[in-house]
Amino acid sequence: MDLSSGRPCVAAATDAAAVAAAPDEKRPHTEFSAIPTVDISPLCDPNSSLESRARVAAQLHAACRDVGFFYVVGHGCAPTVSDGVRVAAREWFARPTVEKNRHKIRPGTEGRGYQGLGSNVTRYAGGFARDWHEAIDLYKDFSPDHPDVLAGRPLHVPNVRLDDAPVLSAALDAWRDEALRMGAAILRGIALGLGLHEHF
């Protein structure tokens, strides 16, 4: 990255593309003993310098390339948001199954809604196995009058409404907004790390 101009560095992008395209047996493998922790605060601060964002980007790039996972700190998500969704979810999942099944995935919900224990399956080499977890799947929400909903586009439907769980609904909305904000910041850093413009 040319930090003076903000232009992408073609060499960095070329190197990253070459590694990604290499056959598995030719890709370098890195030994690691811990998952890296990256402070992404410069990526979340609109007043940060390009140099500080580039330093974070280099750390993200190395973590993705060498380990494949990373923890983030400095994201600015208030503990009340993460704790709030955790507490509300525990309360909701402790409810009787008959209550949770009111929000069950059904035809027309496009995979949105409650999945009870054993409802989901995972494919593996020998076939399929039931997943013994329960979940409520919610995705990008669309209002009933959204043009894509009215046009009947696949997967473009409103989320299941948790009218009987206003605390969980509000907690999920707050968490979703924060997760989208943090995710966008991380993606900007990954773009910089690949030698791309951060707003590509």
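A residue counts as buried when its relative accessible area is under 20%. By this cut-off C77, at 9%, is buried. C64, by contrast, has a relative accessible area of 38% and is therefore partly exposed. These values, like the others described here, come from a predicted model.

Helix α3 spans residues 50-66 and helix α7 spans residues 166-193, and their axes lie 7 Å apart at an angle of about 85 degrees. Angles from 65 to 115 degrees count as roughly perpendicular, and α3 and α7 are therefore roughly perpendicular to each other. On the α3 side, the contact is made by L50, R53, A54, A57, L60, H61 and C64. Their partners in α7 are I186, G189, I190, L192 and G193. Sorted by class, the residues of this contact are eight nonpolar, three polar and one charged.

Is H156 buried or exposed? Its relative accessible area is 16%, under the 20% cut-off, so H156 is buried. Beyond its neighbours within four places in sequence, H156 is in contact with F142, D148 and V149. F142 is 14 residues away from H156 along the chain, yet the C-alpha atoms of the two are separated by 6.7 Å. The side chain of H156 also reaches the backbone oxygen of P154, at 2.8 Å.

Terms used. Residues are numbered from 1 along each chain as its sequence is written. This is a predicted model: local features need pLDDT of at least 70, side-chain atom pairs count only at pLDDT 80 or more; totals for chains, interfaces and linings use all residues. Side-chain values use heavy atoms; hydrogens and water are left out. Axes are lines fitted to C-alpha atoms, for helices over the stretch in contact, and angles run from 0 to 180 degrees between N-to-C directions. Helices (H or I, at least four residues) and strands (E, at least two) are DSSP runs, numbered from the N terminus. Angles under 35 degrees count as roughly parallel, over 145 as roughly antiparallel, 65 to 115 as roughly perpendicular and the rest as oblique. Contact means heavy atoms within 4.5 Å. Ala, Val, Leu, Ile, Met, Phe, Trp, Tyr, Cys and Pro count as nonpolar, Asp, Glu, Lys and Arg as charged, and the others, Gly among them, as polar. Buried means under 20% relative accessible area, exposed over 50%, partly exposed in between (1.4 Å probe, protein chains only). A polar contact is a pair of N or O atoms within 3.5 Å; within protein, one must be able to donate a hydrogen and the other to accept it, and residues adjacent in sequence count only if both atoms are side-chain atoms.
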